[in-house]
Amino acid sequence: MTRSAPYTGQALPRREDPRLLRGEGQYTGDIHLPGALHLAFLRSSHASGQLVACDTSVARAMPGVAAVLTAADLGALGGLEVNPVLPLDHATPYPILAGDTVSAVGQPIAAVLAETPGQALDAVEEIWAEIDETPSPPSELLAMQHWQSGDPAAEFARAAQVVTVRVAHPRLAPSPMEPRAIAILPEGGGLTVWLSTQTPHRARADLARILSLDPEHLRVIARDVGGAFGMKASLYPEEVLAVWAAHHLGRPVRWTATRSEEFLSATHGRGLTSEGQLAIDGDGRFLALKARVEAPLGHWLPNSALIPAWNAARILPGPYDIAATDLGTSARRAHTAPTGIYRGAGRPEACALMERLADAAARATGLDPAEIRRRNLNRLNGPRDLPAGRVEGADYATALDRFLTLADYPAWCAQRDARRADGALAGVGLGFYVEPSGKGWESARVTLEAGRATVEFGGSSQGHGRETALAQIAADALELSPSDITVLHGDTATCPAGIGALASRSTPIGASAVLEACREIIRRRGAGESEPITADTVYTAPGEAWGHGCYLAAIEIDRDTGAPQLTHMACLDDAGRLINPMLAEGQVMGGFAQGLGEAMLEALHFDEGQLLTGSFMDYAMPRADDLPSLTILKTETLATTNALGAKGIGEAGTIGAPAAILNAALDALAPLGVTDLQMPLTSLSLWQAITDASKE
Ligand code: SMO
């Protein structure tokens, strides 16, 4: 292959695809382990209760059953560390199997290991568990934090107007195509664990600590991962049980969750409620913001449990300059499946609150939504101080104007007005967002020999094209072609340590580690070092990269049925240096589909702890025919906070799109006097809002 550098910035096809398209992918479910025992769980049917009896004797005698385990068999195990982004002053339980009490529907009570999956399920049916149901205790406050700047009381006192908004985010099921899956091979005193995870190194460390094993005896391999979206960032009790069983029974063990088990017991996303008050002066300038975020936690806390509650508040006031703020967030335990990070992880919540407030302020002052944003968006490139700390800023006001021109905002507003004149319920909405990417470190090891290079990446892939993008970066830095670069990742035995594929960190931090390793090789080769040359780099980013952008939605709502139709969407995202624009667009499209799902379709419902939406019959995922045309625009303002100048793009669509869609729907119904709508914007909820408005 002849070089046509620079490869960075080219839309090279994904090198992963030929293998995946030919059915040669290796998902955890594809790992063949002869003689493996299959695992199945008996799960709690109650949200709260005493487990007064659990008789496994019949199940133990069933054909093919090798073991039936309850909490008593496991003994004392370690807990899971929770990322302490908010102060957490309670010890948090991490039950692998329920002991004396059950604390959520779907909580594993007993585990069967059998020769076939069918035998394991049959034996689960024969376990007799008796639960004395108890009323759920009140949800316990586990964490809270408060940030303040300026003198909010004084600003509210002198405000010309104050607008108030409440946004309740539906609780969501992340639903990767590949459910949770694990396969374990005990061999030579150690355990090899194939795991569908976005954080293989952390999974190994957590398994070692919980099971009191030497990490050196554990190898975690994440081959192909069929989507993760935050749901596979933390270790699950079922996975710990599987590894415990393989270790103690000395046999290979495997478990693949059913879709029902995913709805019941995998981490859920969102579910936060936020309320905000914005004080405005006579010129539509934002004087002060008061915001309160309430986040639901589950019955156990995954590693990432506190991230959404933290992000939803600490990002405020988002892209706007507001001198006086009073921000609070709190998180409470609930008797449901765990909640955790889900694509966006608090960023969509921060964005929805600010953008709803901006539109409410526009309505209160009579200014156009674009104009009120223009008056309040940050204008300075460089560091800016948010109440929660100093962050990277950009000229958001100019970005907005560029977007409004490129996306032809005036034309969409004119079309809306024409449709309104025809009697249609038409609306246009904006959602300006910021997307802080992860902080900290990632690592890479690069070896150069005879015109070829191997990149061993400490991060991992959840199916988002890491091999393609990292090969482009290494090819440019080493003056080779991408086809000369082999990229390896997702194996704790062979790859250097890393954090993983989450928080939009893979490119800003992970790829910066690859870049730095390549640069070191060039320096050492220049100094006369002979090949092979290997560079091991741990790259620590000096700060978070803050991506930003804006989404525009045009909607029409049927007056008689409430059925919404998105007639157009456009977005502009600034993800800093773009390694591969096609991959970036794929991220935008995928994030947008999930953002649309939250805004218009998806919601988990519980009734007294019972999950009512336990399958795709009851839980509406967006499908191809739900997606409108999306015009994708991009700008490239380099990040100042990493070697590559890259910012995250993976969460952009989930952050900006719901706010724009919500604002468009409110704009459409504003002529009827509707001032509040909550997601998902189903035809039923919109019809209800139209009907209620016409009664008043
Ligand atoms: S929600 Mo992402 O995997 O940090």
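I took the radius of gyration over C-alpha atoms, and my globule rule is 2.2 Å times the number of residues to the power 0.38. This is a predicted model, so I kept local features to pLDDT of at least 70 and side-chain atom pairs to pLDDT 80 or more, while totals for chains, interfaces and linings use all residues. I number residues from 1 along each chain as its sequence is written, and side-chain values use heavy atoms, with hydrogens and water left out.

**Whole chain**

For 696 residues the rule gives a radius of gyration near 26 Å for a compact globule, and the protein chain agrees because it has 26 Å. The C-alpha trace spans about 75 × 75 × 45 Å along its principal axes. I looked up 18 helices and 29 strands; helices (H or I, at least four residues) and strands (E, at least two) are DSSP runs, numbered from the N terminus. Buried residues make up 60% of the chain, where buried means under 20% relative accessible area with a 1.4 Å probe, protein chains only. Of the contacts (heavy atoms within 4.5 Å) between residues at least 6 apart in sequence, 82% join residues at least 24 apart.

Next I looked at an open sheet of three strands, in the order β4-β2-β6 with antiparallel pairing. Its edge strands are β4 (101-102) and β6 (128-133), each pairing on one side only. Gly 49 has Val 102 of β4 as its bridge partner.

**Helix α11**

Which residues of α11 are buried? In this helix (residues 369-376) they are Ala 370, Ile 372, Arg 373 and Asn 376. They lie on the same side of α11 because they cover an arc of only 165° around the axis, taken from the directions from the helix axis to the C-beta atoms. Their cover includes β16 (286-296), α10 (347-365) and α17 (652-669). At the helix start, I found a side-chain oxygen of Asp 368 within 2.7 Å of the backbone nitrogen of Ala 370.

**Glu 442**

My last stop was strand β21 (residues 440-449), where Glu 442 sits. Is Glu 442 buried or exposed? Glu 442 counts as buried, because its relative accessibility is 1%. Its side chain reaches the backbone nitrogen of Ile 499 at 2.9 Å. Leaving out residues up to four places away in sequence, I noted that Glu 442 touches residues including Gly 458, Arg 505, Thr 537 and Tyr 539.

Terms used. Buried < 20%, exposed > 50% of the residue type's maximum accessible area, 1.4 Å probe, protein only. Polar contact = N/O pair within 3.5 Å; in protein donor to acceptor, adjacent residues only side chain to side chain. Pairing = 2+ DSSP bridges.
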